[in-house]
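Hello,

Here is the structure you were waiting for. My notes follow below it.

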Amino acid sequence: MDGDWVIAKKGAPVEGVVTDSDPGGRVKGVASIAVALKQLTLADGRTVAISTNPYSKAAPTSRKSDAKKIGIGAGAGAVIGAIAGGGKGAAIGAGVGGGAGTAATMATRGEPAVIPDESLLTFRLSAPVTIMQR
């Protein structure tokens with residue numbers, strides 16, 4: 001709004017770009033995504049180029065699920081080792097199973113970074129925009 005002049009209506013279409021995308025590391029770091037707006041549709045249907053600072057979103061950490069993978073591997077290895085070789089087999093199996101769980105954790109990436117549909121995002125113009133009234 002500029003006084004009583006409606007420049008762009010609420011919910012006006014915008015176009016943007018993905019400015020950065022990082023899948024995250026296998027053990028360290030989480031995935032992230034950043035988007036910025038490049039075009040705004042005005043109330044009269046015209047479009048205007050805009051430049052905004054990016055909106056960034058990081059994926060949740062996977063520490064809990066990583067710990068579960070390692071723990072489940074160690075537990076399963078201990079059970080199999082105990083069946084095969086008693087107490088000593090259980091200790092060896094736990095170590096082998098824990099190693100397998102660790103290897104599985106290191107071989108997979110964490111959760112992806114997602115901006116859910118209908119999310120409310122806030123952008124700040126990074127350059128002035130001049131709009132002439134018709």
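Tryptophan 5 is in contact with Ile131, Met132 and Gln133, leaving aside its neighbours within four places in sequence. Contact here means heavy atoms within 4.5 Å. Tryptophan 5 sits in the segment before β1. Its C-alpha atom is 9.6 Å from that of alanine 43, a residue 38 places away along the chain. Isoleucine 7 also touches Ile131, along with Met1, Asp2, Leu42 and Ala43, again not counting residues up to four places away in sequence.

**Ground rules**

This is a predicted model: local features need pLDDT of at least 70, side-chain atom pairs count only at pLDDT 80 or more, and totals for chains, interfaces and linings use all residues. Residues are numbered from 1 along each chain as its sequence is written, and side-chain values use heavy atoms, with hydrogens and water left out.

**Overall layout**

The protein has one helix and four strands. Their order from the N terminus is β-β-β-β-α. Both kinds of element are DSSP runs, numbered from the N terminus: helices are H or I with at least four residues, strands are E with at least two.

Of the 134 residues, 20% count as buried. Buried means under 20% relative accessible area, exposed means over 50%, and partly exposed lies in between (1.4 Å probe, protein chains only). The protein exposes about 9,300 Å². Carbon and sulfur atoms supply 59% of that area. The areas come from the Shrake-Rupley method with a 1.4 Å probe; for residues, only the protein chains shown count as cover.

Take the contacts between residues at least 6 apart in sequence. Of these, 58% join residues at least 24 apart.

**Strand pairing**

Two strands pair if DSSP finds at least two bridges between them. Strand β2 (residues 32-41) runs antiparallel to strand β1 (residues 14-22), with eight bridges joining them. Valine 14 has leucine 40 as its bridge partner in β2. Leucine 40 in turn has valine 48 as its bridge partner in β3.

β2 and strand β3 (residues 47-49) pair in the antiparallel sense over three bridges. Their hairpin has five residues between the strands, and glycine 45 takes a positive phi near 95° there. Four bridges join β2 to β4, also antiparallel.

**Nonpolar core**

Which residues make up the largest nonpolar core? There are seven: Ile7, Ala12, Leu37, Leu40, Leu42, Val48 and Ile50. A nonpolar core is a set of buried Ala, Val, Leu, Ile, Met, Phe, Trp, Tyr and Cys residues joined through side-chain atoms within 4.5 Å.

Threonine 52 lies in the loop between β3 and β4. It counts as buried because its relative accessibility is 9%. A polar atom of its side chain lies 2.9 Å from the backbone nitrogen of leucine 37. Beyond four places in sequence, threonine 52 touches Ala36, Leu37, Phe123, Arg124, Leu125 and Ser126.

Leucine 125 belongs to the segment after α1 (63-107). Leaving aside its neighbours within four places in sequence, leucine 125 is in contact with Ile50, Ser51 and Thr52. Its C-alpha atom is 6.3 Å from that of asparagine 53, which is 72 residues away along the chain. Leucine 125 is partly exposed, because its relative accessibility is 48%.

**The aromatic pair**

The structure holds one aromatic pair. The ring centres of tyrosine 55 and phenylalanine 123 are 6.3 Å apart and their planes are at 55°, so the pair is tilted. The pair links distant parts of the chain: tyrosine 55 is in strand β4 (residues 55-58), phenylalanine 123 is in the segment after α1, and 68 residues separate them. The cut-offs: rings of Phe, Tyr and Trp (its six-membered ring) pair if their centres lie within 6.5 Å; planes under 30 degrees apart count as stacked, over 60 as edge-to-face and the rest as tilted. Tyrosine 55 is partly exposed, with a relative accessible area of 23%. Phenylalanine 123 is partly exposed as well, with a relative accessible area of 23%.

**A backbone detail**

Glutamate 118 has a positive phi of about 65°, although it is not a glycine. Glutamate 118 is in the segment after α1. At 80% relative accessibility, glutamate 118 counts as exposed.

Best wishes

Conventions:
A polar contact is a pair of N or O atoms within 3.5 Å; within protein, one must be able to donate a hydrogen and the other to accept it, and residues adjacent in sequence count only if both atoms are side-chain atoms.
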